[in-house]
Amino acid sequence: SFGGDAGTGVSFEEYANLRLEAPIGEYGKFFASMNALATGGTEAVLDTDCALERLYLSIRGESVDASAGLMRMPFGYGSAFRPTDILNPVNPLYPDARLTGVLGGIVSWYPADESSISAFVADRASTDIILEDQGAGLPIPGDARPLVGASFERHASRFSAQGLYAAREGDTGGAVESRCGLSLKIEAGVGLSFDLLFFTDGQAS
């Protein structure tokens with residue numbers, strides 16, 4: 001870019017996403033990635049900034065998988081509006097942006113083909129995240145009450161369904177916040193998706 005009150009100036013920005021994947025034994029893998037930004041120009045010295053995006057370990061078994069660390073734990077099937085994606089949801093303005101992960105763990109069991117039952121824990125919910133004005137998808141952690149939950153998922157030739165329940169201690173320390181969600185995806189000539197989330201703070205009105 002060019003500009004400046006005293007004359008003409010030059011500035012530049014460079015973005016990079018660095019990813020690392022390393023096997024650990026026969027069943028494990030280690031994943032890491034970070035976003036790097038470098039800025040400079042005639043009126044400023046070179047400045048670099050790195051933001052950690054992923055850092056987690058995943059173990060894959062025949063019927064059970066487990067992952068823990070800083071990672072993405074997505075829920076729901078909607079392309080932009082996806083209320084059941086309660087941990088680190090997609091920004092509708094930038095649906096293709098890779099989001100910084102949430103700190104937590106998930107264990108999934110596959111009792112049959114195309115079916116899974118999962119239990120998870122995370123350090124926060126999406127309501128505790130403030131997205132930057134630029135929409136870069138970088139979350140700023142706020143309230144960090146741990147969230148625990150479970151989900152069930154079933155896939156078939158014409159549809160996919162996912163049920164979700166999550167809970168954590170309420171902000172008053174007594175009641176329990178609960179989230180119940182249902183997500184459906186139907187293939188009927190065109191793809192249709194439906195997401196529904198019910199929330200209660202556990203306090204009588």
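Trainee: Are Phe31 and Tyr56 buried or exposed?
Mentor: Both Phe31 and Tyr56 are buried, where buried means under 20% relative accessible area, exposed over 50% and partly exposed in between, with a 1.4 Å probe and protein chains only. This is a predicted model, in which local features need pLDDT of at least 70 and side-chain atom pairs count only at pLDDT 80 or more, while totals for chains, interfaces and linings use all residues. Residues are numbered from 1 along each chain as its sequence is written, and side-chain values use heavy atoms, with hydrogens and water left out.

Trainee: How many aromatic pairs does the structure hold?
Mentor: There are two aromatic pairs; rings of Phe, Tyr and Trp (its six-membered ring) pair if their centres lie within 6.5 Å, and planes under 30 degrees apart count as stacked, over 60 as edge-to-face and the rest as tilted. The ring centres of Phe31 and Tyr56 are 4.9 Å apart with planes at 15°, so this pair is stacked.

Trainee: And what about Phe75 and Phe120?
Mentor: Phe75 and Phe120 make a tilted aromatic pair, 5.1 Å centre to centre with 45° between the planes. Phe75 is buried, with a relative accessible area of 3%, and Phe120 is buried as well, at 4%.

Trainee: Switching topic, which residues lie nearest the centre of the largest pocket?
Mentor: Arg60, Arg72, Met73, Pro74 and Ile106 lie nearest its centre, out of 30 lining residues. A pocket here is an open set of points on a 1 Å grid over the protein atoms alone, where a 1.4 Å probe fits, with protein on both sides within 12 Å along at least five of seven lines, and lining residues have an atom within 4 Å of a point.
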